[in-house]
Each structure stands twice: as structure tokens, then as C-alpha cells.
Amino acid sequence: MSSNDTPNEAVITAYAKAPARTVSAGGVTYAYRELGPKGGIPVVFFVHLAATLDNWDPRIIDPVAKGRHVIAFDNRGVGASTGQVPDSVEAMADDAYTFIKALGYDKIDVFSFSLGGMVAQALVMKHPELIRKLVLTGTGPKGGKDIDKVVGTTYWDILRATLTRSDPKEFLFFNRNATGKAAARAFVNRLKERTVDRDAKIKTKAFQTQLKAIQKWGRSTPDDLAKITQPTLIANGDNDRMVPSVLSDDLHRRIKDSELIIYPDSGHGGIFQYYEEFAPVAVEFLAR
């Protein structure tokens with residue numbers, strides 16, 4: 001178990017106040033935060049490309065944490081976690097498994113976004129017994145068409161953001177119309193709500209290695225997603241430039257009995273733009 005659990009803690013349901021913890025396993029010290037009531041099956045959050053613990057939208061996590069034990073973590077080589085980022089999604093899934101088992105869990109629910117959704121798919125293919133329910137947002141399947149183009153899109157939008165002194169996520173996650181720009185600004189501001197004990201930023205080499213892993217994932221032989229029998233909720237915006245929205249449809253077709261939500265006039269960060277609509281759906285799905 002974690003080296004810094006303390007008994008009789010008050011239940012924290014605000015991600016901005018979630019305590020920072022660490023656990024060591026397999027030669028790696030993993031940084032994580034947890035919130036919500038302990039007990040039962042935890043919901044483990046798998047984060048996106050270039051993201052650390054500071055990149056989760058509190059408007060998504062906090063509603064889940066009202067009734068569930070939530071764990072967000074930095075995988076190997078990311079943020080405050082030690083080690084080097086592996087160059088494949090499958091190896092990232094192995095590290096995630098090591099982390100989850102180090103905390104002592106045999107069954108989890110997964111909430112994932114973007115690269116996190118790819119890692120979640122690799123994890124459920126390798127360890128189906130570990131996962132009870134799966135939320136896949138802004139993501140796509142192994143071998144998915146045009147996933148390998150994410151590298152060019154990402155670097156282009158980082159350049160555009162640099163020239164306008166903006167956060168790259170404003171370009172990568174949201175449409176560049178009036179609605180999207182307002183949603184982008186609101187999202188970026190929400191990520192600043194935690195003011196103390198913030199995470200270390202991702203290193204450039206780690207980010208570049210993640211991009212290579214995504215490219216490799218996009219160019220690999222597809223998995224047989226019919227093997228996924230867990231209840232699965234899939235969501236995206238209708239204009240995802242990073243992981244094309246048609247790949248959410250592809251996941252939905254290939255994962256039996258999965259549920260699909262596509263939000264209009266939104267991009268890769270559709271669930272963040274539509275958090276007021278999406279968060280209750282995710283809470284209800286995970287509570288079933």
C-alpha cells in the first residue's frame with residue numbers, strides 16, 4: 001500500500017485539494033492523487049499526451065469523486081513519477097498495471113482520455129480480469145486511421161500557440177470558433193484551481209517519446225476489440241483533429257454493447273467543453 005496513508009482522514013471530494021501521494025514498485029516511484037470515499041472499486045484516471053496530474057479537469061473528476069474513490073496517477077517518467085517514459089503504449093499499460101497492483105487493487109473502473117484511452121485498451125486486452133468498466137474519451141483503436149498524424153498536428157498547434165502566447169491545449173482540444181475559444185479559456189483556467197503542491201511539468205524528452213508511442217500505436221496491427229466484454233462508454237467531440245472522431249465510431253462498432261456520445265461543435269476536448277452534460281452521464285454509467 002501507499003507509504004503515506006493516514007487513518008481517519010476527512011473525505012476530500014475536490015481534486016484541487018487531493019493529497020499528493022507516492023508508491024514504489026518495480027524500481028519506479030509513482031506519483032498519484034486520490035480523493036472521494038474509500039472502499040469499493042476505485043475509478044482510476046488515465047491521462048492524455050504531455051499531461052501530468054495537474055491536467056485533469058476538476059469539473060469531470062469532482063462529480064465522480066462525490067460517490068467513488070478516485071485515483072489519478074503519473075505513469076512512469078511523467079511529472080513527479082520516476083523512470084523513463086516507454087516508447088510503446090503496451091509498455092505504458094504494463095507500468096499502469098504495476099502501479100495499480102502496488103496499491104493492492106484486483107478490480108478497477110477506468111476513466112481515460114486520449115493517450116490514456118490507448119493505454120486503457122492495451123491494459124484491458126492484457127488483463128481483462130482487472131477492469132470492471134471502461135470509459136474511453138477522445139481516443140482511438142490500435143491501427144486506427146490517421147492516428148499516426150497526431151505528431152504533425154501536435155507540433156503545428158504548439159507553434160500556433162507559441163506565436164499567440166496561448167496554451168497549446170486551446171488549439172489541440174477545441175475548435176477555433178467563438179464557442180470553442182470561450183470553452184478553451186474556461187478549461188485552461190479550471191486547470192489552475194489547484195494552487196499548492198502542483199506537479200512537475202513533463203520533460204521534453206518524455207513528451208517526444210509519448211508521441212513516438214502514439215505513432216507506433218497508429219501504425220500497428222489492430223487488436224481484436226471483440227474481446228472487450230466490459231461495459232464501455234465512448235465519448236468525443238464531432239471535430240477531433242488529434243484522434244479523428246470517426247475512430248470513436250470505430251471503437252463503438254467493435255466493442256459489443258458499448259455506448260457512444262458525440263458532442264456537436266467540439267473537438268478533442270469535447271467532454272471538457274460539455275462537462276455539465278457529460279459528467280452526470282459518466283457518474284451514472286460508473287454507478288451502475
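Tutor: The account below begins with the sheet, turns to one of its strands, and ends with the surroundings.

This is a predicted model, in which local features need pLDDT of at least 70 and side-chain atom pairs count only at pLDDT 80 or more, while totals for chains, interfaces and linings use all residues. Residues are numbered from 1 along each chain as its sequence is written, and side-chain values use heavy atoms, with hydrogens and water left out.

An open sheet is formed by eight strands, in the order β1-β2-β4-β3-β5-β6-β7-β8, with mixed pairing. The edges are held by β1 (20-25) and β8 (259-263); each has a single partner strand, so one side of each is left without a neighbour in the sheet. From one strand to the next, the twist averages 20 degrees. Helices (H or I, at least four residues) and strands (E, at least two) are DSSP runs numbered from the N terminus, and two strands pair if DSSP finds at least two bridges between them.

Within this order, strand β2 (residues 28-35) and strand β4 (residues 70-73) run antiparallel and are joined by four bridges; L35 stands opposite V70 in β4. The pairing of β3 with β5 is parallel, over four bridges, and V43 has D109 in β5 as its bridge partner. On β5 there is also a parallel pairing with strand β6 (residues 131-137), over six bridges, where I131 in β6 is the bridge partner of I108.

Six of its six residues are buried, where buried means under 20% relative accessible area, exposed over 50%, and partly exposed in between (1.4 Å probe, protein chains only). In a regular strand the side chains alternate between the two faces of the sheet. In β5, I108, V110 and S112 point one way, whereas D109, F111 and F113 point the other way, and all are buried.

Helix α1 (residues 58-65) lies across β2, β3 (43-46), β4 and β5 (108-113), and runs at about 170 degrees to β3. Such angles run from 0 to 180 degrees between N-to-C directions, with axes being lines fitted to C-alpha atoms, for helices over the stretch in contact. Contact means heavy atoms within 4.5 Å. The loop between α1 and β4 holds R68, which counts as buried at 16% relative accessibility. Leaving aside its neighbours within four places in sequence, R68 is in contact with L35, G36, P37, I41, P42, V43, D109, R132, L286 and A287.

Other loops show backbone geometry of note. Most residues other than glycine have a negative phi, and most peptide bonds are trans. A50, although not a glycine, has a positive phi of about 70 degrees; A50 is placed in the loop between β3 and α1 and is partly exposed, at 27% relative accessibility. D257, likewise not a glycine, has a positive phi of about 60 degrees. The place of D257 is the loop between α8 (246-254) and β8, and D257 is exposed, with a relative accessible area of 67%.

K101 belongs to helix α2 (residues 89-102) and is partly exposed, with a relative accessible area of 34%. Although K101 and A25 are 76 residues apart in sequence, their C-alpha atoms are 8.9 Å apart in space.
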